[in-house]
Amino acid sequence: METAPRSMRLQIAVAGRTNSGKSSFMNLIAGQDVAITSPVPGTTTDVVEKAMELRPLGPVLFLDTAGIDDETELGNRRIERSGRAFDRADVILLVTGAGIWGAPEERMLAVAKDHHVSLIPVVNKCDLAAPEPEFLAKLREATGFEPLCVSSNGGAAERERVLPLLKDVLLAGCPEDFLTPPPLLGDLVKPGDTVVLIVPVDIQAPKGRLILPQVQAIRDALDSDALCYVVKESAYQDALANLREKPALVVCDSQVVDLMVRETPPDVPCTTFSILFARLKGDMPVFAAGAGRIRSLKPGDRVFIAEACTHHASYDDIGRVKIPRWLAKFVGGELRVTVGAGRDYPSDLSEYQLVIHCGSCMLNRRETLRRIENARRSGVPITNYGMAISTCHGVIERVLSPFPEALEAFRNG
């Protein structure tokens, strides 16, 4: 549980007015002091994260946010930071007091509706003021969920009482695609099939381990009772020669996609890790249509490259160096490329002709879909690394062939 990546956890934003008891509530649920509490308004500045295990939900990540009613200059910056947490939240817990519901709470309700996530009301400090039945009925009608009444200062006994109730309401409000996420590769193979994964070990490979998409692909193949064969690109031909039967699927790192397509028999389906993640984390047909728009780029056009992680860039970094170089060669001239790392993702992308997003292995599905929606609202096509690279190498139709809907979207993009 402790090592489960953030991107694979249910992310739960804890929102509310200053001094509504958000941090105290989070400390109650965690059973420890993970957030600073104080009677001074505005104690929470940056988002505080706490990873936990809540069975049967599994690994979760609580996001304690700043007060939604802080109208000071600094408060506006805090609220902006909180907004980024709401972009990735799968569920929002709105902490309020008995009888307290006004413009700040209505704004949060609008945020939840806009983000298509559940807003679950938590009435705090019930030991100081018990909520009236009419107030609870109002919350129930506004949010569609039974309010959770708590006393954050109640200690261990209150925690034992509240936790089962919280789990029940989170299960009710949890997005369906978290409980049953899109498949990675399991629907492309049958039990007993062989899957070959081509994993380069170069300067960008983390020392002593594999990157998350590769690990998840191995696990998904094993969960599907397939035989998983992991090789470097230099051993791929030998791997094919050693197999008695052709593999049911070949998956490679996008940087060696041209090699994979060249050396894979035409009747063997093949794709890339990044393209698999386009389906797992985002909207594959939308990304494919965005890749199709690369064909209409012109030298001088502006492209935003979104890299979700904040790794130290190497001299031949994939997002900062290789993709711009491949794009320039493909369109016949240099493009004006801007790279955003981590959560530096603009809300308005209208100045760009294309957004190219990484595989989103460090983001959850909710945040990736929100980023896709931001691009749509800005009227800008969006694709991801794997599809962009495959387009530049002229092999996109081959690696999209296992996904007919995405292939059609690329052709019409």
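This note comments on the confidence of a predicted model, on its salt bridges, and on the surroundings of one aspartate.

1. Confidence of the model. The structure is a prediction, and its chain has an average pLDDT of 88. A score of at least 70 is reached by 89% of the residues.

2. Salt bridges overall. A search of the whole structure gives 20 salt bridges. Several residues are joined in a network of such bridges, namely D87, D114, R370, E373, R376 and R377.

3. The bridge connects distant parts of the chain: R88 belongs to helix α2 (residues 73-88), E49 belongs to strand β2 (residues 48-54), and 39 residues separate them. R88 has a relative accessible area of 5% and is therefore classed as buried, because the limit for that class is under 20%. E49, at 29%, is partly exposed.

4. The pair E367 and R371. Here the closest N and O atoms of the salt bridge are 3.8 Å apart. Both residues lie in helix α13 (residues 365-377), and the spacing of four residues corresponds to about one turn of the helix. E367 is buried, with a relative accessible area of 5%. R371 is likewise counted as buried, at 4% relative accessibility.

5. The pair E146 and R140. A salt bridge joins the side chains of E146 and R140, with an N to O distance of 2.8 Å. E146 is partly exposed, its relative accessible area being 47%. R140 also counts as partly exposed, with a relative accessibility of 33%.

6. The surroundings of D193. This residue is located in the loop between α6 (176-179) and β7 (194-198). With a relative accessible area of 17%, D193 is buried. A polar atom of the D193 side chain lies 2.7 Å from the backbone nitrogen of K190. When residues up to four places away in sequence are left out, D193 touches A226, L227 and A248.

Key:
Residues numbered from 1 in each chain as written. Predicted model: local features only at pLDDT ≥ 70, side-chain atom pairs only at ≥ 80, totals over all residues. Heavy atoms only, no water. Salt bridge = Lys/Arg side-chain N within 4 Å of Asp/Glu carboxyl O. Helix = DSSP H or I, 4+ residues; strand = E, 2+ residues; numbered from the N terminus. Buried < 20%, exposed > 50% of the residue type's maximum accessible area, 1.4 Å probe, protein only. pLDDT = per-residue confidence, 0-100. Polar contact = N/O pair within 3.5 Å; in protein donor to acceptor, adjacent residues only side chain to side chain. Contact = heavy atoms within 4.5 Å.
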